[in-house]
Amino acid sequence: MNRPARLGLFVVVLLLLGAGAGRLIAARSASDASSGALATAAAASAPTVAALQLAADDLLSARQQALTRSVAVSGSVRAVNTALVKAKVAGELLTLDPREGDTVRAGQVLGRIDTLEADLRLRQAEQNAESARAQADIAKRQLDNNQALVAQGFISPTSLDTAAATERGARASLQAALTAVELARKSRADAELRAPISGQISQRLAQPGERVPIDTKILEIVDLSKLELEAAVPPDEAGAVRVGALARLTVEGLAEPVSAKVTRISPSTQAGTRAVLVYLALQPAQGLRAGLFARGAIELERREALALPISAVRIDESKPYVIVLAPAADTPHLLHRAVELGTRGQDSAGNDLAEIRAGLRDGEQVLRGSVGTVRDGTPARLAALNAAAKP
């Protein structure tokens, strides 16, 4: 093949290659255009996330506030001073005047037991004492006479010693008889039932006409001027309780809470539970009675801390978190933010709070627990701001 022919063939090949490249570029351009159109259509058809409408009371602000750490207690109210009136002598109960609810004072006569036997014993003891006194007088005169006779030499000193011993025995018998008289008088006095303390009658355990033996329970007296609560504190909290710590109790039947103060702490724990008994003195209140059930909390610590209501802290994930309203230029978003919790306590109104040690700043707005859980990154819109933006 000559040179002109080879040159022509080369030109034809170049033309064919150029035509193929052009068709390839055109096809690629068409494909890119088609992909862009499909992406635009897909973006147009994708659903948009609607903003969550929030009311002003759906949010709360994290802030520094007084956090009170306390331990819950419960138990029955009881009187510090109670007394049982018992029969000190056996006999028939003649009178018993006071009834349940009556107020009595210390030393007041409440009733009487039949004193006939006591009177007879007292009379017998007095007669024995008179006889012993007469014997002592005779022995004393005999001793004086013997002393005079010994001085004159009419009797021996041995007779004088015998007379002196007889006189001492008679004098001792007289003292024993006088003591018996005092015992008989005491027994007669014990037939009168007297109130050992001031208070109110809580139980009447015997009735007039009954014959009561010694130590029979007849009346129970309760002093309502001093009431206390005996409560068991768990061992892990007992070390933080101190004498003088204040408490606020809710007593059944009373509309208003009752103030109390720790007065005593048991030095030992209860067997089995290892709980420590704590005694709280209650302030007097209208309607407060022994036996009522009370519950409340003893204040252990009070300090300022960044805190939120416990209901606002979410625990449905691996770590506790809160839902924070994050401000933005266009639309605020609700973001999940993990937090580190500290001490749990209460505010002045008794609401349960949780200390936020990390993960939240003072003044940030948090979604209340009553709103429920929302997805992380959900846009939000405040109703108050929408209303203000309307013409």
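## A charge over a ring

A charge sits over a ring if NZ of Lys or CZ of Arg is within 6 Å of the ring centre and within 35 degrees of the ring normal. This predicted model holds such a case. The charged end of Arg264 lies over the ring of Tyr279, 4.3 Å from its centre. Aromatic pairs are another matter: a search of the whole structure finds zero.

## Overall build

The chain has 20 strands and five helices. It runs to 391 residues, and 30% of them count as buried. Among contacts with a separation of 6 or more, 74% join residues 24 or more positions apart. The accessible surface of the chain is about 23,900 Å². Carbon and sulfur atoms make up 54% of that surface.

## Nonpolar cores

The largest nonpolar core has 28 residues. Leu280, Leu282 and Ile298 have the most contacts inside it. Strands 3, 10, 11, 12, 13 and 14 each give two or more residues to this core. Strand 10 gives the largest share, five residues.

Ile298 touches residues well beyond its sequence neighbours. Leaving aside those within four places, its contacts include Val71, Val73, Leu246, Val262, Val278 and Leu280. A second, separate core has 17 residues, among them Leu110, Leu193, Ala206 and Ile218.

## A buried glutamate

Where does Glu355 lie? Its place is in strand 18, residues 352–358. Is Glu355 buried or exposed? Glu355 counts as buried because its relative accessibility is 9%, and the cut-off for buried is under 20%.

Leaving aside neighbours within four places in sequence, Glu355 is in contact with residues including Leu67, Arg303, Leu306, Glu340 and Thr343.

Notes
Residues numbered from 1 in each chain as written. Predicted model: local features only at pLDDT ≥ 70, side-chain atom pairs only at ≥ 80, totals over all residues. Heavy atoms only, no water. Helix = DSSP H or I, 4+ residues; strand = E, 2+ residues; numbered from the N terminus. Buried < 20%, exposed > 50% of the residue type's maximum accessible area, 1.4 Å probe, protein only. Contact = heavy atoms within 4.5 Å. Areas by Shrake-Rupley, 256 points an atom, 1.4 Å probe, with all protein chains shown as cover. Phe/Tyr/Trp six-rings, centres within 6.5 Å; stacked < 30°, edge-to-face > 60°. Core = buried A, V, L, I, M, F, W, Y, C linked by side-chain atoms within 4.5 Å.
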